[in-house]
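Take a look at the model below. Where do its charged side chains pair up?

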Amino acid sequence: MGQPFTAEVIVAVSRHMNADHPADSLLICRALGGRPDATAATMTGMDGDGIDFAAVVDGREVPVRVPFSRPLTERAEVRPEVVRMYRESCAALGVPARP
């Protein structure tokens, strides 16, 4: 799809995820990003098709790309999609999701 988001939106979403939801990012990388062995994760970017993380695996950072369930075109769509990813990850890993 490409990049429907401005650099400012990407920075704001990344800042929020990294400051307020690092554990959620880790769950998403473990369950949906194919890195069950990750010990930490930082959001590094996103576009209309997915979200990018740097996950720590065996002491080194590796890129992890997690696709959205559908192409996103507006900032308002990002939060519900990341919440979906979080909840799906919790279910897959058997971790209780917070309300």
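**Charged pairs in the fold**

The side chains of Asp24 and Arg98 meet in a salt bridge, with 2.4 Å from N to O. Asp24 lies in helix H2, residues 22–31. Arg98 sits in the segment after helix H3 (78–93), so the pair ties together parts that are 74 residues apart in sequence. This is a predicted model. Side chains of opposite charge can pair when their charged atoms come close.

Are these two partners buried or exposed? Asp24 counts as buried, because its relative accessibility is 9% and the cut-off for buried is under 20%. Arg98 is partly exposed, at a relative accessible area of 39%.

Now move to the strands. Asp47 forms a salt bridge with Arg65, and their closest N and O atoms are 2.7 Å apart. Asp47 belongs to strand S1 (residues 40–47) and Arg65 to strand S3 (residues 60–67). The pair links distant parts of the chain, 18 residues apart. Asp47 is buried at 18% relative accessibility. Arg65, at 36%, is partly exposed.

Next, turn to helix H3. Here Glu88 and Arg84 meet in a salt bridge through their side chains, at 2.5 Å from N to O. Both residues lie in helix H3, four residues apart, which is about one turn of the helix. Glu88 is partly exposed at 38% relative accessibility. Arg84 is partly exposed too, at 26%.

How many salt bridges does the structure hold? There are six, the pairs described above among them.

Terms used. Residues are numbered from 1 along each chain as its sequence is written. This is a predicted model: local features need pLDDT of at least 70, side-chain atom pairs count only at pLDDT 80 or more; totals for chains, interfaces and linings use all residues. Side-chain values use heavy atoms; hydrogens and water are left out. A salt bridge is a side-chain nitrogen of Lys or Arg within 4 Å of a carboxyl oxygen of Asp or Glu. Helices (H or I, at least four residues) and strands (E, at least two) are DSSP runs, numbered from the N terminus. Buried means under 20% relative accessible area, exposed over 50%, partly exposed in between (1.4 Å probe, protein chains only).
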